[in-house]
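Please read this report with the sequence and the 3D view side by side.

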Amino acid sequence: MPAAEAVMRGEPARDPNGTRRSTVLIETPEGVCTGAIIGPDLVLTAGHCVSARGRYRVRYLDRSFRRATAQVARVQAHPNFDPRHGFASDDVGLIQLARPLGTDTRAAALPGGWGSAGRGEEMLIAGFGSTERTRARDGVLREALMRNAQPSVPGRGFAGLSGEDRAHRSGMCVGDSGGPVYRRSGGAFTVVGILKGGTTDPGRECTSAPIYVPVRDYVGWIRGTAAQWRSAVGTPTGTVEMRH
């Protein structure tokens with residue numbers, strides 16, 4: 001499994017009120033990852049996207065899909081994440097920005113009590129990584145519909161996704177790691193998963209069967225870390241809860 005996995009054969013995001021609002025590109029010391037805004041100055045991503053020492057920078061899109069830059073104050077991987085393990089569990093990380101993002105963005109909600117994704121449930125993945133066609137790391141936000149392939153079991157640490165169309169073979173690729181798996185309800189987005197990786201398809205650097213980390217298993221750690229940072233987290237209803 002590659003350490004960091006754009007949405008393979010996904011469509012470029014075009015709705016300014018869609019995934020654009022809460023999905024960001026993360027420049028790490030080891031390459032590019034994707035993340036989800038979950039508070040005014042808080043980004044959720046994979047642990048392996050924030051486990052290296054060095055400079056981090058977050059890029060987000062305004063309503064015209066122009067790229068803007070946010071400086072990073074600090075990063076933290078889940079304390080149980082071990083980057084030396086090839087398929088490590090607890091692959092969850094947080095980024096705190098140096099200052100809150102503006103009104104062009106909107107935090108995705110964290111899952112509440114019904115956060116478990118059932119088998120066959122439709123999900124929306126989003127990422128800034130490569131495409132199977134070009135393998136170019138062009139940093140374009142793409143999205144694709146997939147379905148949950150197996151239930152999210154508390155403590156298991158991961159779950160799978162499958163494409164709508166076998167011929168289309170949607171999936172994730174280099175640069176998509178840490179990207180959100182969204183449950184969409186009208187105009188509201190809840191981030192129920194964090195893209196982790198998966199076994200690459202033969203002859204490709206992408207996977208059509210991505211694995212994700214269920215966010216519901218880590219809501220306590222996310223909120224606790226945000227409280228220590230005196231930050232804010234989106235509540236299950238999508239409002240913002242201030243932590244003091």
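Which residues does Val191 touch, not counting residues up to four places away in sequence? Val191 touches Ala36, Ile38, Leu44, Ala108, Ala109, Leu110, Pro111, Pro180, Val181, Tyr182 and Val215. A contact here means heavy atoms within 4.5 Å.

The model is predicted, so local features need pLDDT of at least 70 and side-chain atom pairs count only at pLDDT 80 or more, while totals for chains, interfaces and linings use all residues. Residues are numbered from 1 along each chain as its sequence is written, and side-chain values use heavy atoms, with hydrogens and water left out.

**The nonpolar cores**

Val191 also belongs to the largest nonpolar core, which has 45 residues. Leu44, Val191 and Ile222 are the residues with the most contacts inside this core. The elements that give two or more residues to the core include strand E3 (31-39), strand E12 (188-197) and helix H1 (219-228). A second, separate core of nine residues includes Met123, Ala144, Met172 and Val192. A nonpolar core is a set of buried Ala, Val, Leu, Ile, Met, Phe, Trp, Tyr and Cys residues joined through side-chain atoms within 4.5 Å. Buried means under 20% relative accessible area, exposed means over 50%, and partly exposed lies in between (1.4 Å probe, protein chains only). Helices (H or I, at least four residues) and strands (E, at least two) are DSSP runs, numbered from the N terminus.

**Strand E8 and its partners**

In strand E8 (residues 122-127), five of the six residues are buried. E8 pairs with strand E9 (residues 142-148) in the antiparallel sense, over six bridges. Gly127 stands opposite Arg142 in E9. E8 also runs antiparallel to strand E11 (residues 180-185), and two bridges join them. There, Leu124 has Tyr182 of E11 as its bridge partner. Two strands pair if DSSP finds at least two bridges between them.

**The disulfide**

One disulfide is found in a search of the whole structure. Cys33 is joined to Cys49, with 2.1 Å from S to S; the cut-off for two cysteine sulfur atoms is within 2.5 Å. Cys33 lies in strand E3 and Cys49 in the loop between E4 and E5, so the pair ties together parts that are 16 residues apart in sequence. The torsion about the S-S bond is about -80°, so the disulfide is left-handed. Cys33 is buried at 3% relative accessible area, and Cys49 is buried at 2%.

**Salt bridges**

Side chains of opposite charge can pair when their charged atoms come close. A salt bridge is a side-chain nitrogen of Lys or Arg within 4 Å of a carboxyl oxygen of Asp or Glu. The count comes to six salt bridges, and the table gives some of them.

| Pair | N to O distance |
|---|---|
| Glu27 and Arg59 | 3.0 Å |
| Arg66 and Asp62 | 3.1 Å |
| Arg84 and Asp82 | 3.0 Å |

Glu27 in strand E2 and Arg59 in strand E5 are 32 residues apart, and the pair links distant parts of the chain. Glu27 is partly exposed at 21%, whereas Arg59 is buried at 17%. Arg66 is exposed at 54%, whereas Asp62 is buried at 13%. Arg84 is exposed at 76%, and Asp82 is partly exposed at 26%. Salt bridges that share partners join Glu27, Arg57 and Arg59 into one network.
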